Amino acid sequence: MIIQPKTRGFISLTAHPKGCEGNVKEQIAFAEKHKFSSAPKNVLVIGASTGYGLASRIALAFGGGANTIGVFFERPSEKDKPASAGWYNSVAFKKFAEQSDLSAENINGDAFSSDVKEQVIDLIRQKYGKIDCVVYSLASPKRTDPFTGEVFKSVLKPIGEPFTGKTVNVDKDEVYEITIEPATAEEVQATEKVMGGEDWELWMQALHGEKLLANGVKTIAYSYIGPEITWPIYANGTIGAAKDDLMRAREAIKFLLGDIGGQAIISVNKAVVTQASAAIPVVPLYISILFKVMKEKRIHEGCIEQMVKLFSDRLYGPSAGKSLDEQGRIRLDEFELHQDIQDAVAKVWPKISTENLKELSDIDGYKQEFLKLFGFGLSSVDYSKDVEV
Ligand code: NAD
């Protein structure tokens, strides 16, 4: 089958197996150039197929030599329909890991469910004994409560008052103003249920309860803060409230892991192009401007650069436990939020419009990276060729 990109706003209906494999290969090459020795041996990555979770898995396996279990929720291919990008990424990851004598197991299913937790528990017991590191990197629009069966849907809305701000239509290269009405109390709670810390806690309780966590285990979840222009929709919005709940969960997990000397950590990462960030209003426009500024200053980073830095230096390397912020979090967003960078972004923000979008921002770079998430635009792939889906 010949596969071409088919995008609608922030979603892509197709993905290219060879292109996804090429992306994984590229990230592996970066991780292999930055090997580190103090890595954990057995790692569980929840949300391992795309974005920060995939990059975490690659950094830990190919940079640190870890065995990995990856949990994700992806769509396999059907007769004449390609699989989702995360499916192809995970197939490629496993193939390359095994070629490098690294154990890699994939579990495709709903990480929020008790069933998937049990599958992972069985697998750890049979094959790995104990887990040294648990990465929690889920981004999901909904969650079914495993005990009540109730379905919660997350929303990306401000809290308290409406928000009006600039955003971009990436299909039309059009900058326009949107107004988003504030979330209801129910929507705030639902977003917390989906993107907050409850499920992270449930995973850690289940693994700890089955005595599958090694002494000194570390578990990490990811957060974002960003600049003031995105606060009404991010940090002070429904998703920010869910990220606050992660902080609550961190304390509960620290307490839980006290008897085995375990640690629960939150890392605040920089804004990158992923399927999750593309869905947030305002953020793609901000990222397009940010990328232009950071590329000009030669400090541009994507998922793999951030995750190699995280695991080789901040979580296991020389800076472990050091340079945390006042709330005890690791800050990988230090370049993004540096005053010089934010001043440069703030200068452009009021001026940006449809007319000057290409000149004042890196919208083309943003779109290239977006297509690349689905395996498109790689020079190593011949897209006119038939490919097995
Ligand atoms: P992403 O969309 O690329 O990845 C989400 C992952 O979650 C995928 O592996 C997907 O398969 C998995 N997933 C979703 N629902 C699932 C389910 N029910 N069961 C099993 N797996 C499921 O997202 P991302 O941007 O890499 O986000 C990961 C984390 O990083 C999130 O906590 C996000 O808030 C945080 N973060 C993202 C950014 C950014 O700019 N993208 C910045 C800072 C922090």
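1. A residue counts as buried when its relative accessible area is under 20%. Val 282, at 0% relative accessibility, therefore counts as buried. The model under discussion is a predicted one, and Val 282 deserves a look in it on account of its backbone: the phi of this residue is near 75 degrees, a positive value in a residue other than glycine. Most residues other than glycine have a negative phi. Val 282 lies in the loop between α8 (275-278) and α9.

2. Seven strands form an open sheet with parallel pairing, in the order β5-β4-β3-β6-β11-β12-β13. β5 and β13 stand at its edges, each with a single partner strand, so one side of each is left without a neighbour in the sheet.

3. Strand β4, residues 67-72, is mostly covered, with 6 of its 6 residues buried. Asn 67, Ile 69 and Val 71 point one way from β4, while Thr 68, Gly 70 and Phe 72 point the other way, and all are buried. In a regular strand the side chains alternate between the two faces of the sheet.

4. On one pairing of β4, strand β3 (residues 42-46) runs parallel to it over 5 bridges, and the bridge partner of Ile 46 in β4 is Val 71. Between these two strands the chain passes through helix α2 (residues 51-63), and this β-α-β crossover is right-handed. In another pairing, β4 is joined by 5 bridges to strand β5 (residues 104-108), the two running parallel, with Thr 68 standing opposite Ala 104 in β5. Here too the β-α-β unit, made of β4, helix α3 (residues 85-99) and β5, is right-handed.

5. Leu 54, Arg 57, Ile 58, Ala 61 and Phe 62 in α2 meet Asn 89, Phe 93, Phe 96 and Ala 97 in α3.

6. Two further helices lie across strands of the sheet. Helix α4 (residues 114-128) lies across β3, β4, β5 and β6, and runs at about 165 degrees to β5. Helix α6 (residues 198-209) lies across β3, β6, β11 and β12, running at about 170 degrees to β11.

7. Lys 218, found in strand β11, has a relative accessible area of 13% and is therefore buried. Leaving aside neighbours within four places in sequence, Lys 218 is in contact with Asp 132, Cys 133, Val 134, Gln 263, Ile 265, Leu 315, Tyr 316 and Ala 320. The C-alpha atoms of Lys 218 and Ile 131 are separated by 9.2 Å, although these residues are 87 apart along the chain.

8. Helix α10 (residues 303-315) has 12 of its 13 residues buried, so this helix is largely enclosed by the rest of the structure.

9. The largest nonpolar core has 52 residues, of which Leu 285, Tyr 286, Ile 287, Leu 290, Ile 352, Leu 357 and Tyr 366 touch the most other members. Helix α9 (residues 283-296) gives the most to this core, with 9 residues. Not counting residues up to four places away in sequence, Tyr 286 touches Tyr 224, Pro 227, Ile 229, Thr 230, Ala 271, Glu 336, Gln 342, Val 345 and Trp 349. A second, separate core of 38 residues includes Val 43, Leu 54, Ile 265 and Ile 304.

Notes:
Residues numbered from 1 in each chain as written. Predicted model: local features only at pLDDT ≥ 70, side-chain atom pairs only at ≥ 80, totals over all residues. Heavy atoms only, no water. Buried < 20%, exposed > 50% of the residue type's maximum accessible area, 1.4 Å probe, protein only. Helix = DSSP H or I, 4+ residues; strand = E, 2+ residues; numbered from the N terminus. Pairing = 2+ DSSP bridges. Right-handed = clockwise from strand over helix to strand, strands pointing away. Core = buried A, V, L, I, M, F, W, Y, C linked by side-chain atoms within 4.5 Å. Contact = heavy atoms within 4.5 Å. Axes fitted to C-alpha atoms, helices over the stretch in contact; angles between N-to-C directions.
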